[in-house]
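Walk through this model with me, from the overall fold to single residues. Keep the sequence beside the structure as you read.

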Amino acid sequence: MKVSVVIPSYNGAHKLPILIHALEKQSFKDFEVIFVLDGSKDNSNKIILTNSKFLTYKIAEFENGGRSKARNRGVNLAKGELIIFFDDDMEPLPDCIEQHWAFHQRSIENILVAGVQRDVAQNSDIQRYKTIICANWEKTLAQNSLKQSIEKVFLSSANFSIPNNLFLQLNGFDERLTDAEDYELGIRAISQGYSLYYLPQAIGLHYDLITCKSYIKRLRQYANAHKKVQEINPLAKMDLASPTSVSGIKYYVYKALAQG
């Protein structure tokens, strides 16, 4: 196998069919899929068996250990020379894997984070707001430089690729982290002399339906996660997830929405 696609999932049975069917439509065919069920208690196993008619795949089931450990376990089972990570709520476009593979034929021993387009089917104000924010951020990446600097790292585990041997050299994801582990991996890779590139053409659609409350809560979680990353890796100076500071009535609205 040239490519191993690693997909961690926790109770993601309702999301997996879209991803599986998208993988079956890929223009690049020489890949295996490793589904890592991280303590799932739903019928994910059955969903995979029912829907994966045309895929070469493995199902690995473990007790819940978090995203870092799940992805590391997936790579340990991988046979491909290139590892591609997708989240279980992704829909890679038909040429996505081919774009990843082609990039690594031109640029070896590097990491590639790819384009993620947010689904706006929910059609809410907060969904559109997040889509615009993310699109502007990724547009800035593409305009400034496809090669990233350690001062401004963007690495989303929803859609990125790395040579198998490089992932092992970096010792994979830090299993002390249950959030922002992808950001820390990017910081660590660049600090060790490897390059991190952004490629907007390798597109995956992201079905992340949110509310205002859940979005603000997620920002808080990211901010706390980045503080832990900074404790583990002093080179992580940029807290990209921290929301802009607010005061007055906005502060109390933010605080109220972010609870729970």
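Of the chain's 260 residues, 49% count as buried. Buried here means under 20% relative accessible area, exposed means over 50%, and partly exposed lies in between, with a 1.4 Å probe and protein chains only. This is a predicted model: local features need pLDDT of at least 70, side-chain atom pairs count only at pLDDT 80 or more, and totals for chains, interfaces and linings use all residues. Residues are numbered from 1 along each chain as its sequence is written, and side-chain values use heavy atoms, with hydrogens and water left out.

The chain holds nine helices and eight strands. Both are DSSP runs numbered from the N terminus: helices are H or I with at least four residues, strands are E with at least two. Contact means heavy atoms within 4.5 Å. Among contacts in the chain with a separation of 6 or more, 80% join residues 24 or more positions apart.

Begin with strand 1 (residues 3-9), where Ser9 lies. Ser9 has 3% relative accessibility, so it counts as buried. Not counting residues up to four places away in sequence, Ser9 touches Leu16, Val36, Leu37, Asp38, Ser40 and Asp88.

Asn64 sits in the loop between strand 3 and helix 3 (67-76). At 48% relative accessibility, Asn64 is partly exposed. The side chain of Asn64 reaches the backbone oxygen of Asp38 at 2.9 Å. Leaving aside neighbours within four places in sequence, Asn64 contacts Tyr10, Asp38 and Gly39. Leu37 is 27 residues from Asn64 in sequence, yet their C-alpha atoms are 8.2 Å apart.

Now turn to helix 2 (residues 44-51). Its buried residues are Ser44, Ile47, Ile48 and Asn51. Seen down the axis of helix 2, they fall within an arc of 95 degrees, so they line one face of the helix. The arc is taken from the directions from the helix axis to the C-beta atoms. An α-helix has 3.6 residues a turn, so residues three or four places apart point the same way. What do the buried residues of helix 2 pack against? They pack against helix 1 (16-24), strand 2 (31-38) and strand 3 (57-62).

Strands 2 and 3 are also joined by charge. Glu32 and Lys58 meet through their side chains in a salt bridge (3.7 Å, N to O). Glu32 lies in strand 2 and Lys58 in strand 3, so the pair ties together parts that are 26 residues apart in sequence. A salt bridge is a side-chain nitrogen of Lys or Arg within 4 Å of a carboxyl oxygen of Asp or Glu. Glu32 is buried, at 3% relative accessible area. Lys58 is partly exposed, at 26%.

The whole structure has eight salt bridges. Arg176 is exposed at 52% relative accessibility, whereas Asp174 is buried at 12%. Salt bridges that share partners join Arg67, Arg71, Asp87, Asp179 and Glu181 into one network.

Asp89 makes a contrast. It lies in the loop between strand 4 (82-86) and strand 5 (90-92). Asp89 is buried yet has no salt bridge; Lys15, the nearest side chain of opposite charge, is 4.9 Å away. Here Lys and Arg count as positive, Asp and Glu as negative, and His and the chain ends are not counted. What does the side chain of Asp89 make a polar contact with? Its partner is the side chain of His206, at 2.9 Å. A polar contact is a pair of N or O atoms within 3.5 Å; within protein, one must be able to donate a hydrogen and the other to accept it, and residues adjacent in sequence count only if both atoms are side-chain atoms.

Finish at strand 6 (residues 110-118), which holds Ile111. Ile111 is buried, with a relative accessible area of 0%. Leaving aside neighbours within four places in sequence, its contacts include Leu155, Phe160, Ile162 and Tyr197.
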